[in-house]
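Here is a friendly walk through one protein model, with the side chains as our guide. Keep the structure open beside you as you read.

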Amino acid sequence: MAGEEKTVWDLDPHTRAKHVILRKYLNAWLPKLTRWNGRVVICDGFAGPGIYSQGEEGSPVIALKAYLEHDYQSRMKADVKYLFIESDPKRCARLEQVIDEIELPKTVDVSIFNERCEGALTHLLDFLDERQSHLAPSFTFIDPFGVSGVPLEMIVRLMKHPKSEVLITCMLSYIQRFISTPEFEKHMDRLFGCADWRQALEIVGQERESFLRMLYQRQLESVVGAKYVRHFTMKDVKNKTIYDLFFATNSASGMDAMKEAMWNVDQSGAYAFSDATDPAQETLFTTEPDWNRLFDLLCQRFHGTEQRWTDIEEAIRQTPFRIRKLPFREAAKLKDPRFTIINRKGIRSGTLNDDTVVRFA
Ligand SMILES: C[S@@+](CC[C@H](N)C(=O)[O-])C[C@H]1O[C@@H](n2cnc3c(N)ncnc32)[C@H](O)[C@@H]1O
């Protein structure tokens with residue numbers, strides 16, 4: 001894998017895409033979380049050296065600058081604690097150098113650990129457990145090269161803390177390649193937190209990839225217990241999977257913000273991310289979402305019933321779609337047979353607010 005042997009390596013386009021997502025998400029996350037909390041934590045568990053070969057910023061610097069260069073920074077009341085974990089001593093030393101060059105205000109505290117992510121997080125979580133205290137609202141980025149050192153159990157422990165979120169790079173193409181290698185078994189058992197991944201050995205090609213993706217999603221939902229889980233498959237222009245990003249959160253607004261961040265990458269035109277909610281019917285979204293598909297999904301789910309708009313928003317949150325009112329209004333104006341928007345007397349027709357009811361055919 002590119003960069004695995006070097007202290008600093010070239011930035012490839014798919015890492016750039018990941019960085020756009022990280023930056024956009026933290027831009028949205030920081031003002032929200034710093035408004036109500038005295039302290040927030042941003043953890044980069046596989047931090048890297050903080051810099052790429054042509055001087056481009058690595059994820060720890062991107063995460064720091066999301067705060068330092070934020071338009072609302074002066075109005076953010078919380079302290080921001082950054083935890084950067086990097087197991088490779090040379091990369092860690094380079095990261096320390098890079099961070100040293102950045103001027104930090106008093107509200108920011110950075111700790112860098114030259115350790116394995118699992119060890120460092122276990123230490124932190126044990127410490128909190130002993131004191132029966134909670135982790136401050138946190139966002140943890142888990143961005144390994146491969147599959148080792150990312151046990152599901154670690155995610156379970158992190159997400160037990162009420163306002164924790166994780167963004168995990170899951171190298172499905174890498175897993176596909178090495179799934180039959182005996183040395184991988186123990187890492188795969190720990191990654192998935194179960195032995196079910198072995199069923200993938202009986203499946204080939206795209207179906208195998210979809211199976212593993214849905215298994216990881218299932219584990220994040222059922223074992224980790226995250227209320228919202230969404231994976232975004234990053235594909236290259238040839239429609240070949242590069243990697244998957246899994247986002248797990250218990251916050252509705254967190255999920256909405258992450259979808260916005262993901263769509264931003266999609267609009268660059270270089271990538272598409274796919275909806276494998278129904279693995280049998282994988283739909284590629286390119287520049288414009290297929291709203292008809294959403295209307296069909298909602299119609300199937302709610303047919304013959306009336307639903308409040310807030311409940312519809314919650315249903316949309318469970319899909320890859322972002323919450324948008326305009327497509328509903330436009331479809332209603334064109335008398336779409338699948339639904340009717342019903343408002344109280346005196347409210348302008350087509351309005352969608354919390355009291356609005358939508359009747360599904
Ligand atoms: C994909 S790179 C991270 C890139 C970085 N997140 C970025 O976007 O700029 C993965 C990094 O994790 C480090 N690493 C590998 N195993 C680790 C472990 N168990 N714990 C912490 N760091 C690890 C590697 O040395 C490498 O620098």
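## An aromatic cluster

Let us begin with the rings. Phe295, Phe302, Trp309, Phe328, Phe339 and Phe360 come together as one aromatic cluster. Please keep in mind that the model is predicted.

## Aromatic pairs

Across the structure, the count of aromatic pairs comes to 18. One of them joins Trp9 and Phe145, whose ring centres are 5.3 Å apart with 55 degrees between the planes, a tilted arrangement. Trp9 sits in the segment before α1 (13–36), while Phe145 belongs to the loop between β4 (138–142) and α5 (152–159), so this contact ties together parts that are 136 residues apart in sequence. Are these two residues buried or exposed? Trp9 counts as buried because its relative accessibility is 11%, whereas Phe145, at 23%, counts as partly exposed.

Phe295 is part of helix α10 (residues 291–302) and Phe339 is part of strand β11 (residues 339–342), so the pair ties together parts that are 44 residues apart in sequence. Both Phe295 and Phe339 are buried.

## A tryptophan in helix α1

Trp29 is found in helix α1. With a relative accessibility of 3%, Trp29 counts as buried.

## Salt bridges

How many salt bridges does a search of the whole structure find? The answer is 21. In one of these, Asp143 pairs with Lys18, and their closest N and O atoms are 2.8 Å apart. Asp143 lies in the loop between β4 and α5, and Lys18 lies in helix α1, so this bridge ties together parts that are 125 residues apart in sequence. Asp143 and Lys18 are both buried.

Asp196 and Arg218 also meet through their side chains in a salt bridge, at 2.9 Å from N to O. This pair links distant parts of the chain, with Asp196 in the loop between α7 (185–192) and α8 (205–222) and Arg218 in helix α8, 22 residues apart. Here Asp196 is partly exposed, with a relative accessible area of 26%, and Arg218 is partly exposed at 37%.

Asp296 lies in helix α10 and Arg338 in the loop between α12 and β11, so the bridge ties together parts that are 42 residues apart in sequence. Asp296 is partly exposed, with a relative accessible area of 36%, while Arg338 is buried at 16%.

## A positive patch

Finally, turn to the surface. Lys325, Arg329, Lys333 and Arg348 gather there in a patch of positive charge. Lys325 is placed in the loop between α11 (309–317) and α12 (326–333), and Lys325 is partly exposed, with a relative accessible area of 30%.

Notes. Residues numbered from 1 in each chain as written. Predicted model: local features only at pLDDT ≥ 70, side-chain atom pairs only at ≥ 80, totals over all residues. Heavy atoms only, no water. Patch = residues over 30% accessible without salt bridge, like charges linked within 9 Å, V, L, I, M, F, W, Y side chains within 5 Å. Areas by Shrake-Rupley, 256 points an atom, 1.4 Å probe, with all protein chains shown as cover. Salt bridge = Lys/Arg side-chain N within 4 Å of Asp/Glu carboxyl O. Lys, Arg positive; Asp, Glu negative; His and termini not counted. Charge placed at Lys NZ, Arg CZ, Asp CG, Glu CD. Helix = DSSP H or I, 4+ residues; strand = E, 2+ residues; numbered from the N terminus. Buried < 20%, exposed > 50% of the residue type's maximum accessible area, 1.4 Å probe, protein only. Phe/Tyr/Trp six-rings, centres within 6.5 Å; stacked < 30°, edge-to-face > 60°.
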